[in-house]
Amino acid sequence: MDINEIIKPENLVYSKPTLLNDNTMHYCPGCSHGVVHKLIAEIVEEMGMTQDTIAVSPVGCAVFAYNYVDVDWIEAAHGRAPAVATAAKRLNPNKLVFTYQGDGDLAAIGTAETIHACNRGENITIIFINNGIYGMTGGQMAPTTLEGMVTATCPYGRTPELNGYPLHISELVAKLAGACYVTRQSVHNVAAIRKAKKAIRQGFENSMAKKGTSLIEIVSTCNTGWKMSPDKANAWMEEHMFAEYPMGDLKNV
Amino acid sequence: MAKIKGAIIVNTERCKGCNLCVVACPSKVLALQPQKVNNKGYHYAFMQNPDDCIGCASCGIVCPDGCISVYKVKL
């Protein structure tokens with residue numbers, strides 16, 4: 001069968017969501033951010049909330065997320081996205097409000113904002129991209145960096161005596177009464193991406209149903225910061241990151 | 001049993017040649033261009049064995065840049 005007979009609009013089964021616009025993303029080849037952006041665009045479209053979404057972008061690689069997903073965005077100061085989202089949601093209770101943050105933003109400088117927003121039970125969704133490294137600034141050690149992992153600022157590997165232990169934000173947040181849904185997902189293969197999509201959708205639905213804060217941690221790769229090819233980075237993540245950050249729901253009420 | 005045939009279109013200018021679709025494809029249809037590059041200098045993905053495509057959309061789902069559109073027909 002000729003390929004041109006298959007490629008017809010009625011046979012289309014998958015394509016880029018229309019909410020993800022045509023700007024070429026600045027992310028490195030194979031970066032997990034792109035997949036998560038795509039999932040968000042798909043979910044917002046499916047929920048019919050394209051005109052009623054306020055997203056808050058962080059400081060970090062995802063700072064330019066507002067160039068790619070065609071919803072309304074606010075750019076927050078470093079780490080303050082949950083505080084900005086709190087105001088946005090309280091003033092616009094009918095809007096879908098979510099933050100999109102990396103581990104340098106959410107787990108380091110923004111730990112206080114994250115924990116207090118979750119403890120207040122703000123009706124927002126926090127999407128937390130955890131790749132264990134500061135990607136944008138050149139691969140320095142983050143609070144989530146694994147023990148023994150080599151980064152620009154711990155060239156002999158992270159040691160607990162000098163640098164402390166990896167910070168498990170999801171486990172911390174799961175203990176808070178205001179958080180209604182805390183889950184850890186990844187986007188390294190098709191099955192994981194489908195599960196992550198369901199988790200993000202549930203988070204968004206929780207925030208619209210005023211159930212409390214949802215935190216969706218997505219363990220992801222930074223192949224440039226880790227100095228690996230994208231597929232090797234995925235394999236390394238499965239081997240090392242998943243041992244420290246196990247997948248699954250930590251809290252779902 | 002109904003036979004299924006698929007095909008994909010790669011947005012070659014958007015593709016960054018990250019190789020994730022090549023790894024994700026269950027029927028080993030895809031490969032990166034060995035010689036040709038796009039305007040940004042990336043070796044973009046293409047269908048090396050187009051006859052084996054089953055239109056499962058794995059490549060499209062894992063593509064971080066949303067470059068791949070998947071088409072499927074039942075014969």
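Q: Why does B:Asn19 count as partly exposed?
A: A residue is buried if 20 or more other C-beta atoms lie within 10 Å of its own, exposed if 12 or fewer, and partly exposed in between; the C-beta atoms are placed from the backbone. B:Asn19 has 19 C-beta neighbours inside 10 Å, so it counts as partly exposed. This is a predicted model: local features need pLDDT of at least 70, side-chain atom pairs count only at pLDDT 80 or more, and totals for chains, interfaces and linings use all residues. Residues are numbered from 1 along each chain as its sequence is written, while chains are lettered from A and ligands numbered from 1 in the order in which they are written.

Q: What makes β5(A) largely enclosed by the rest of the structure?
A: 6 of the 6 residues of β5(A) are buried, so the strand is largely enclosed.

Q: Which residues of β5(A) point one way, and which the other way?
A: A:Thr125, A:Ile127 and A:Ile129 point one way. A:Ile126, A:Phe128 and A:Asn130 point the other way. All are buried. In a regular strand the side chains alternate between the two faces of the sheet.

Q: How do you know that β5(A) pairs with β7 (residues 213-219) of chain A?
A: Two strands pair if DSSP finds at least two bridges between them. β5(A) and β7(A) have 6 bridges, in the parallel sense. They therefore meet the cut-off of at least two. A:Ile129 stands opposite A:Ile218 in β7(A). β4(A) also joins β5(A), through 5 bridges, and runs parallel to it. There, A:Phe98 has A:Thr125 as its bridge partner.

Q: Why is α2(A) described as mostly covered?
A: 12 of its 15 residues are buried. Among them are A:His33, A:Val36, A:Leu39 and A:Ile43. The buried residues pack against β2, β5, α8 (190-208) and β7 of chain A, together with α2 of chain B.

Q: How do you know that the reach of α2(A) is close to the expected one?
A: The expected span of a helix is 1.5 Å times one less than its number of residues. α2(A) has 15 residues and reaches 21 Å from its first C-alpha to its last, close to the 21 Å expected. Just after this helix, A:Gly48 takes a positive phi of about 70°.

Q: Which residues touch the most other members of the largest nonpolar core?
A: A:Ile127 and B:Cys21 do, in a core of 92 residues. A nonpolar core is a set of buried Ala, Val, Leu, Ile, Met, Phe, Trp, Tyr and Cys residues joined through C-beta atoms within 7 Å. α2 (residues 32-46) of chain A gives the most to this core, with 7 residues.

Q: What is B:Cys21 in contact with, leaving aside its neighbours within four places in sequence?
A: Two residues are in contact if their C-beta atoms, placed from the backbone, lie within 7 Å. For B:Cys21 the partners include B:Leu30, B:Ala45, B:Cys59 and B:Ile68.

Q: How many residues of chain B are in contact with chain A?
A: 28 residues of chain B are in contact with 28 residues of chain A. β4(B) gives the largest share of the chain B side, 5 residues.

Q: What makes β1 (residues 12-14) of chain A and β4(B) a pair?
A: They share 2 bridges, in the antiparallel sense. A:Leu12 has B:Tyr71 as its bridge partner.

How values were computed
Helices (H or I, at least four residues) and strands (E, at least two) are DSSP runs, numbered from the N terminus.
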